[in-house]
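Welcome! Please take a moment to look over the sequence and the 3D structure below before reading on.

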Amino acid sequence: MHLPLRRPSRPGTPPRSDASRPGRLVVGGFAAAIAVGTVLLLLPVSTTDRLATPLEALFTATSAVCVTGLAVVDTGSFWTPFGQVVILVLIQLGGFGVMTAASLLGLLVSRRLDLRTRLVAAASTRSVGLGDVRSVLIGVLRVTAVVEGAVALLVAARLVVGYGMTPGEALWHGLFHAVSAFNNAGFALYADSLVGFVGDPWMCVPLCLAVVLGGIGFPVLFELYRARRRRTGASRWSLHTKLTLLTSGVLLAGGTLFFLVAEWANPRTLGALGVGDRVLAALTQSVMARTAGYNSLDTSAMNSGTWLGTDVLMFIGGGSASTAGGIKVVTFAVLAFVIWSELRGDPDVTAFDRRVAAATQRQAVSVALLGVAAVLLSTLVITATSPFGLDRILFEVTSAFSTTGLSAGITADLAAPHQLILVGLMFLGRLGPITLGSALALRSRPRLFRHPESAAVIG
């Protein structure tokens with residue numbers, strides 16, 4: 001006979017509403033935004049030539065809200081300015097997080113947040129407590145406005161001076177690409193993305209900076225800002241910030257070197273450029289492969305080995321509570337420290353003289369393995385029913401799950417069921433690891449007993 005471990009609810013107490021669970025609210029908010037975006041993109045005013053099909057509208061709306069950038073139609077020519085504005089708004093909503101955007105709107109209108117809204121906002125922004133939610137939301141808004149505004153002006157000025165655009169057109173292009181870059185979305189108004197600017201640092205560098213700032217995560221940005229104001233050194237940074245910055249730097253430098261080596265002699269990519277342009281292009285590709293989705297090199301012309309390396313970078317992604325996707329760099333770093341500690345025979349997993357909590361290790365393993373399962377299963381299904389090769393399909397699937405948006409050139413040619421699989425992957429990739437991590441953290445509760453310990457043979 002088992003005794004109950006939790007006190008039963010009192011008679012007459014209403015059951016807990018789903019609205020009290022932040023994870024479900026976040027998922028519902030994203031789904032609602034995708035539905036509204038799909039309807040708007042189906043309107044005749046959204047397209048230039050013909051009406052969008054329901055699948056084209058759904059795919060584009062999902063890609064925008066999930067800040068992915070994969071597209072089945074050309075953004076610059078298929079959609080009218082109204083359709084492009086819809087996409088831009090969806091990108092901004094997706095980058096903020098729908099519930100974060102709703103909380104910001106409520107804060108701006110009423111200047112207050114009720115407890116339920118603060119709980120949801122805290123889960124969405126990874127705030128450390130309910131007391132700092134308001135300041136975090138205002139900080140998110142300020143950082144977004146400053147970065148997007150500055151990058152938009154730089155890109156617009158370059159387009160006017162270097163490419164002869166009118167100021168109005170240049171300002172729109174600058175704003176669109178700045179918002180898309182900071183939110184790691186990868187939507188471009190040019191059919192070849194940034195290939196036309198491959199050797200132009202005045203275009204590539206500002207967009208790369210926006211991608212890095214958007215992908216590093218708001219918690220890290222806020223901590224760095226507070227540390228600068230208080231004039232504290234790196235030794236006072238939190239473990240999360242140290243892991244994020246170290247892993248991001250290693251992946252950025254390693255990715256640049258990887259692209260230089262892998263594509264140096266490829267005449268269809270780096271091989272046709274000068275030395276300086278090759279370095280710039282490799283750096284840009286390394287930044288964008290971490291879930292941003294822009295490309296200054298023809299991705300479909302790369303070597304198959306380069307695709308595989310890009311798959312790894314895309315899968316890892318960017319920082320937690322950022323606009324980037326993937327399993328996140330801290331998840332990857334924690335797994336690396338787990339392996340290193342096991343190889344050394346250490347009883348605890350330590351990083352920067354801090355013991356990594358067992359719950360954090362379990363969360364990292366769960367997020368990574370579920371991500372691997374989603375990518376492998378989707379790749380298997382599409383490969384079994386598609387004429388395209390495994391390398392291209394794996395690239396496309398990983399890009400969708402990691403919400404990167406890079407393409408091997410087959411997205412528009414996939415059958416409708418395969419495109420729907422990518423839609424599901426984009427939704428899962430944007431929300432799955434986030435909601436899973438939150439659910440694991442929120443559901444943790446003390447047990448009144450422990451099972452007997454045993455061992456199994458590993459390896």
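This briefing goes through some charged pairs, a helix, the cysteines, a surface patch and a loop residue. Keep in mind that the model is predicted.

**Salt bridges**

- Side chains of opposite charge can pair when their charged atoms come close.
- The model has 3 salt bridges by the rule used here.
- E56 and R50 form one of them, with their side chains meeting at 2.8 Å, N to O.
- E56 is buried because its relative accessible area is 13%, under the 20% cut-off.
- D200 and R158 make another salt bridge, and their closest N and O atoms are 2.9 Å apart.
- Because D200 sits in the loop between α8 (167-182) and α9 while R158 belongs to helix α7 (residues 133-163), this pair ties together parts that are 42 residues apart in sequence.
- D200 is buried, with a relative accessible area of 5%, whereas R158 is partly exposed at 25%.
- R344 pairs with D346 in a salt bridge whose closest N and O atoms are 3.8 Å apart.
- With a relative accessible area of 53%, R344 is exposed, while D346, at 29%, is partly exposed.

**Helix α12 and its packing**

- Helix α12 covers residues 275-288, which makes 14 residues.
- From its first C-alpha to its last, α12 reaches 20 Å, close to the 20 Å expected at 1.5 Å a residue.
- Which residues of α12 are buried? They are R278, L280, A281, A282, T284, Q285, S286, V287 and M288.
- These buried residues pack against two other helices, α9 (201-216) and α11 (239-263).

**Cysteines**

- A disulfide is a covalent bond between the sulfur atoms of two cysteines.
- How many disulfides does the model have? The count comes to 0.
- C204 is in no disulfide, and the nearest cysteine sulfur, which belongs to C208, is 6.2 Å away.
- C204 is buried, with a relative accessible area of 1%.
- C66 is another buried cysteine, at 0% relative accessibility.

**A nonpolar patch on the surface**

- V36, L40, L43, V45 and F82 form a nonpolar patch on the surface.
- Together, these residues have about 380 Å² of accessible area.
- F82, one of the patch residues, is found in helix α4 (residues 81-96).
- F82 is partly exposed, with a relative accessible area of 35%.

- Where does A71 lie? It is in the loop between α2 (54-65) and α3 (75-78).
- A71 counts as partly exposed because its relative accessibility is 28%, which falls between the 20% and 50% cut-offs.
- Leaving aside neighbours within four places in sequence, A71 is in contact with F59 and T411.
- A71 and T60 are 11 residues apart in sequence, and their C-alpha atoms are 6.2 Å apart in space.

How values were computed:
Residues numbered from 1 in each chain as written. Predicted model: local features only at pLDDT ≥ 70, side-chain atom pairs only at ≥ 80, totals over all residues. Heavy atoms only, no water. Helix = DSSP H or I, 4+ residues; strand = E, 2+ residues; numbered from the N terminus. Buried < 20%, exposed > 50% of the residue type's maximum accessible area, 1.4 Å probe, protein only. Contact = heavy atoms within 4.5 Å. Disulfide = S-S within 2.5 Å. Patch = residues over 30% accessible without salt bridge, like charges linked within 9 Å, V, L, I, M, F, W, Y side chains within 5 Å. Areas by Shrake-Rupley, 256 points an atom, 1.4 Å probe, with all protein chains shown as cover. Salt bridge = Lys/Arg side-chain N within 4 Å of Asp/Glu carboxyl O. Expected span 1.5 Å × (residues − 1).
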